[in-house]
Amino acid sequence: MRWRRVAAALLATVLVGAAIVAAITVLTRPNGEPTDTVPPTPVGDPVTYVAIGGAETLGANAEHPIAEAWPQVVFRTALPPQTVFVSLARSGATAAQAGSDQLPLALRLDPDVVTVWLNLDDLAAGVTADDYETALSALVRSLRQGGVARVLVANVPPIDLLPGYPPGLAAAVSLPESIDAYNAAIDRVVRAEGAELVDLHAAGLQAAADGVAADQVAEDGLHPNAKGHAAIAEVFAQVIAAAPVP
Amino acid sequence: MSWRDVIVLAGRSIRRRAGRAVLTVVGIALAAALLSALLTIAGTARTRVLDQLANGGPLAAIQVAAAAPDPTQVDTDDAKPGPPRDLDEAAVQEIAALDAVRTVVPIRVARVVVVPPDPLTLADGRTVAFTGSAQRDQIPGARFESIVGVDLDRIGDIPVTLLAGRLPVAGSPVEVAVTPTWLARFGLGRTDADAMVGTELVVGAPRSFGRTIRARWTRLQVVGVVAQEAGSGALFGDDAIVSAARAWTEAGVDDDRIDIPTSPYSGAVVVAAGLDNVPRVRRDIQDIGYSTRAPENLIATVQRYLHVVEIVLSGIGVIALVIAALGVSNAMLAAVRERRREIGVLKAIGARDRDVLRVFLAEAAFLGLVGGLLGTILGLGVAGVVGAVVNGYLRSQGLVGVRPVLPLALAASTVIGAGVLSLVAGGLPAWRAAHLPAREAVDA
């Protein structure tokens, strides 16, 4: 019996000692060892997003285009973390010019998602709706035939309502009629080529009705400011979210 | 007399004189505690100092630059590189084939545009503005930075010290660590390292198309803050990220506005097979034609001094143990005097001299082992408390803390050593008891 008591006492001493050492080990953990760490970011298949467009896609007139341009906002907020983004936009690009300048590189990048906003520079250059439709159709068809799963095409926002277009000026150049003709063409191209429409026109009208349109325009009264780019990005994001990103 | 009888008699003696036994054990325990605490602290300090010298990587690591060696700098630890020289796969293989080279880890660096959130909302809710440098306005809202890429599967061979958070997952295209250089862009110091973890950066590799520069943008989540010596850069991530960025940039046309690297690798970390081989490997690499850096002289000097410190501390601990052993000897001598009659009775009933010797030696050994065990545990505890205090100070300075090294070999040696020392100390009293004439003992 005594042997058992002695053995039990020794065992208890060793166990208490081991517990003390273990506690000290835990309590003296040095800093730099992860306690609250960022969990590993789940990464799916790589996604490539390409933006084709003109000055608005470049974020011209934004204070910090690299951070504020709507494609950058779309890239940061509406697409998976593993997305790679390249903007091929060029200031002043019409649909026909984009077809020769931006389309070849876009196809070489093998994108999964492409946004196309090409109409304002065509309008400014006086391109007819028919010629515009032909150029846009060729571009979108090439993208779809090149394997791009999702092609988002933006229509013409209601720029005739912008402060930079006094009502008289807009009417004098038949701007509303041109916008309608362009948007009808865009509708036809989207339906024919299996693309997806980004209805900036409706969104712009809504913003005007809500009384927030003026807040989204830069001082020149024509181009979007940071808020405007964010609003544009939101419209694109809603279309992206409506279907799975490949 | 069987060993069981020996142990029973020794145990009875200890119980009858419990107070003296406890005091003896306490003396041995304190000495053992001192020895184990000093050696644990010395071992931890050694590890920490050498780790600091190696910048978190292996001690035998040599950094190779994509540059020719400067003939005036070949023997210095921090040699300045000579003119640039491309470091390609063939050169890496040639270095890897050298004698005494354990492994070679190539490093790539890419020049990228980083768009920081400005102001930046940190994980703890504070907002800080991007202060950057005058270069910021070259690209409004962004700045050029270098990102260092290594194969993170081989992170153990890279001089990297984790300051906060964790390292990026090997192969991850979306995770990155930042360095104190990045913290400084926001006016933050190392003590704010934790706050940067969890933020997101948008990073673009530039490519020239002639008049136009287009970037290939990716989103990178900051998962940690590191101090690293692998390459010069504010960002640190897997080679996959850097390789993709460089491939995009290098596919463009020559353009003065962009740094297009010519060398396939920006550098390499070479790990020699042992610290002793570092000088030879460095010479061989320099003969191949590349500049190297390694803190070999500094490490050797520091190791010598640390060894001296360990010897001194060990000496102090051993002296304490010897003093405790003298206490054992004194207690045993007193026990022999008090138990003369008992010894006489034992001998009268047939116990031999060696049986009496064993009883007293067993008692001494038991006191020594128990004292050694308790002292070792106490000593490790003291080392842990000292480590906690030191960690508190290091953390307040934004530095990596220490972890007390718990060497099992040391612990076992201290316990066994205390037992053996007590055995030796109890030897003389035990011998005297064993050779006490029976008649004289009974008449005492």
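**Note on chain B of a predicted model**

1. Of the contacts in chain B with a separation of 6 or more, 81% are between residues 24 or more positions apart, a contact being heavy atoms within 4.5 Å.

2. This is a predicted model in which local features need pLDDT of at least 70, side-chain atom pairs count only at pLDDT 80 or more, and totals for chains, interfaces and linings use all residues. Residues are numbered from 1 along each chain as its sequence is written, chains are lettered from A and ligands numbered from 1 in the order in which they are written, and side-chain values use heavy atoms, with hydrogens and water left out.

3. Chain B holds 13 helices and 14 strands; these are DSSP runs numbered from the N terminus, helices (H or I) having at least four residues and strands (E) at least two. Because its radius of gyration is 33 Å, well over the 22 Å given by the globule rule for 444 residues, chain B is more spread out than a compact globule. The radius is taken over C-alpha atoms, and the rule is 2.2 Å times the number of residues to the power 0.38.

4. From strand E9 (residues 175–178) of chain B, B:Glu175 and B:Ala177 point one way and B:Val176 and B:Val178 the other, and all are buried, that is, under 20% relative accessible area with a 1.4 Å probe, protein chains only.

5. E9(B) pairs in the parallel sense with strand E11 (residues 213–228) of chain B over four bridges, where pairing requires at least two DSSP bridges. B:Val222 in E11(B) is the bridge partner of B:Val176.

6. With strand E12 (residues 235–238) of chain B, E9(B) pairs in the antiparallel sense over three bridges. Here B:Leu235 in E12(B) stands opposite B:Val178.

Notes:
Buried < 20%, exposed > 50% of the residue type's maximum accessible area, 1.4 Å probe, protein only.
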